[in-house]
Amino acid sequence: MLEIKNLHVEVEGTEILKGVNLNIKAGEVHAIMGPNGSGKSTLAQVISGRDVYDVTNGEISYLGKDLLDMEPDERAREGVFMAFQYPVEIPGVTNSYFLKTGLNEIRKHHGLETLDAADFLKFIKEKAKLLDIEPDMLNRSVNEGFSGGEKKRNEILQMAVLEPKLAIMDETDSGLDIDALRIVADGVNRLRNEDRAIIIVTHYQRLLNYIVPDYIHILLNGKIVKSGDKQLAFELEEKGYDQIKADYSSIKTKLEETV
Amino acid sequence: MGNILERDQQQAEISSEEVEKKIHKAKKKVTEKDTLEALGNREYKWGFFTDIEQEYASPGLNEDVVRFISMKKKEPEWMLEWRLKAFRNWQKMTEPTWVNVEYPPIDYQSQRYYAAPKSKEDGPKSLDEVDPELLRTYEKLGIPLEEQKILSGVAVDAVFDSVSVATTFKEKLAEYGIIFCSMSEAVHNHPDLVKKYLGSIVPYNDNYFAALNSAVFSDGSFVYVPKGVRCPMELSTYFRINSENTGQFERTLIVAEEGAYVSYLEGCTAPKRDTHQLHAAVVELIALDDAQIKYSTVQNWYPGDKDGKGGIYNFVTKRGKCAGVNSKISWTQVETGSAITWKYPSVILQGDNSVGEFYSVALTMNHQQADTGTKMVHLGKNTKSTIVAKGIAGGVSQNSYRGLVKVMKNAENARNFSQCDSLLLGDRCGAHTFPYIEVKNTSSQVEHEATTSKIGEDQIFYCNQRGISTEDAVSIIVNGFAKEVFKELPMEFAVEAQKLLGVSLEGSVG
């Protein structure tokens with residue numbers, strides 16, 4: 001579904017991603033872990049189409065299309081969804097109206113009929129119930145005055161409504177207490193299915209106790225330095241990023257010597 | 001290889017805060033570009049010109065022109081005298097300079113002060129006599145004048161340059177004793193009411209532009225709602241400037257007798273022209289005991305092109321008086337047009353327990369300048385006023401809120417709440433707030449809140465990421481910002497106002 005080849009990304013002249021390769025198939029859940037500044041959020045944002053980043057080299061193919069050639073709204077309509085690390089407030093615009101607009105754009109794109117207000121209300125109420133979200137949240141302004149936990153749950157609700165093919169969870173666990181984390185993880189698990197790929201971007205291993213990934217990749221200084229299955233998370237928990245960093249430098253040094 | 005490694009290590013030392021800063025900088029650039037593209041280049045769709053035979057006063061302003069206008073309207077002597085008095089006063093006055101707008105001096109002698117479509121001697125008696133070209137013009141503007149085509153709940157007075165060309169639903173309103181006609185007609189048919197109220201709220205020498213209007217006012221609407229009558233439909237006037245180098249000086253007067261209620265709407269458009277045109281209107285509202293007047297405006301005069309060429313100079317005096325106890329006057333305005341807007345719809349709260357409200361959205365793009373706000377003057381006991389002003393500025397426009405809350409000595413327990421919010425769409429525009437507060441009574445309470453925010457790249461990207469285009473995203477965000485004011489507009493106007501901002505209507509569900 002998603003193939004990233006030799007991706008190099010700069011912001012204002014500073015290189016942040018330095019040749020990332022990643023291959024993700026439908027139905028898989030991949031976790032991307034790394035310390036602050038390793039470039040993991042940049043990777044999430046580049047996939048979702050934020051244009052403050054300059055892609056200087058490499059390519060991303062999504063369902064056989066050149067993803068980098070698509071505008072962010074086009075990507076969203078093609079099924080790319082990102083749950084934001086910091087969901088944005090839009091005062092005066094109800095959650096329900098916002099989501100209806102987005103969903104109808106996506107439906108139009110796929111040649112489906114748009115939902116009217118009544119149909120949409122029925123649809124979204126079902127989704128909210130499925131995720132144990134109180135309907136009151138639908139009538140409030142988008143993320144305005146929401147608690148940290150409510151904001152993240154709102155992201156999961158949006159994911160449930162927009163039904164993406166590829167969902168990226170950008171540090172969804174940040175700022176959540178353990179109860180909120182469990183609720184959010186539970187929501188993501190319910191949205192796991194064989195047609196949908198999920199990328200979980202996180203600093204900590206703890207989220208992966210609740211959402212068990214198929215693969216884990218460790219991103220360090222703009223490169224994936226290690227990939228493995230869920231065991232890798234435990235290894236990381238034990239050793240910490242510093243150890244991995246040290247291992248990585250020694251490998252690099254050796255590599256340089258052999259060259 | 002060694003070089004690459006070295007560079008790797010060097011770059012690893014750039015802290016994550018520095019990267020954050022760079023991201024922030026990059027985001028700012030993107031916002032500017034996107035929002036301006038989305039909003040700045042809106043087409044002015046109402047800019048066409050109707051080619052119709054017109055009758056003009058020669059350019060220039062002197063007593064003869066005032067007499068000409070009065071003669072054209074076959075006015076009684078008292079009306080002419082009033083105009084001349086105003087004109088002589090105006091000559092002694094000077095244009096106000098305290099306004100936060102800039103424009104080259106206006107040459108009052110190069111403007112025309114009267115233009116009217118040529119018609120039969122006494123003007124059209126019914127729609128059948130109105131020039132079909134004029135009917136087509138209004139239809140094109142979305143205001144069909146044939147009664148069966150109009151939204152059934154709205155009666156319309158259509159003013160074209162200096163004259164009213166048609167007023168709909170007059171007979172139906174007459175059944176309730178409601179008078180809804182053009183100002184010219186009112187001078188002839190209801191002279192006692194006009195004499196009693198015209199200039200009673202905005203005197204002929206009130207200010208420079210009001211004096212000018214009093215001297216040369218052409219048409220406008222007159223509304224009289226008798227005691228105890230609730231007007232069964234929305235009344236509206238649609239003002240259209242058509243002729244070149246011609247000013248429009250309309251005058252509107254609304255009187256609500258004891259216990260009466262009326263909701264009145266006005267809309268305005270003009271053709272695109274390279275030269276500036278003058279529009280100086282006066283609106284007076286009088287609410288007696290327990291009466292309510294709701295006055296809504298969607299102002300969409302031609303704003304000039306993106307380089308600031310052309311556009312209407314909109315200098316307007318609007319004032320209402322809550323003369324009776326428990327009366328209420330509510331102003332709602334959506335100001336999106338005009339090169340310059342100078343306008344402060346005000347309420348004099350004279351009756352005890354009376355209520356004044358002002359809800360405003362002012363959008364300025366490109367080179368537009370707006371200096372708008374309100375005055376709430378509390379005279380009576382337990383009087384209450386609410387001010388909600390939302391300014392949206394983009395391009396190199398300047399958007400100012402200017403407001404006065406004045407509580408006089410006898411206004412026991414007066415209350416005011418003011419909220420002024422500004423939204424900036426870019427780095428080169430300005431939002432300003434000039435709140436003046438004068439309180440002479442210790443039992444009163446005055447509150448003022450103000451915020452300024454910028455439309456964020458984060459907000460736009462968030463919408464994009466949910467499948468919404470940048471253009472729609474800007475509209476949705478601006479619409480959300482202005483929502484508090486839009487909900488005060490009557491339904492038909494709310495739709496028009498939101499369309500004006502390029503916004504699709506937010507459904508009533510959800």
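**A buried glutamate and a buried helix**

Guide: In chain B, B:Glu457 has its place in helix H10, which covers residues 457-464 (helices are DSSP runs of H or I, at least four residues long, numbered from the N terminus). This is a predicted model in which local features need pLDDT of at least 70 and side-chain atom pairs count only at pLDDT 80 or more, while totals for chains, interfaces and linings use all residues. Residues are numbered from 1 along each chain as its sequence is written, chains are lettered from A and ligands numbered from 1 in the order in which they are written, and side-chain values use heavy atoms, with hydrogens and water left out.

B:Glu457 counts as buried because its relative accessibility is 6% (buried means under 20% relative accessible area, with a 1.4 Å probe and protein chains only). The side chain of B:Glu457 also reaches across to chain A, where a polar contact of 2.6 Å joins it to the side chain of A:Arg50 (a pair of N or O atoms within 3.5 Å, one able to donate a hydrogen and the other to accept it; residues adjacent in sequence count only if both atoms are side-chain atoms).

Burial can also be followed in chain A, where 14 of the 15 residues of helix H5 are buried, so this helix is largely enclosed by the rest of the structure. Helix H5 of chain A runs over residues 148-162, and its end C-alpha atoms lie 21 Å apart, in agreement with the 21 Å that its 15 residues should span at 1.5 Å a residue (the expected span is 1.5 Å times one less than the number of residues). Just after this helix, A:Glu163 takes a positive phi of about 45°.

Key
Helix = DSSP H or I, 4+ residues; strand = E, 2+ residues; numbered from the N terminus. Buried < 20%, exposed > 50% of the residue type's maximum accessible area, 1.4 Å probe, protein only.
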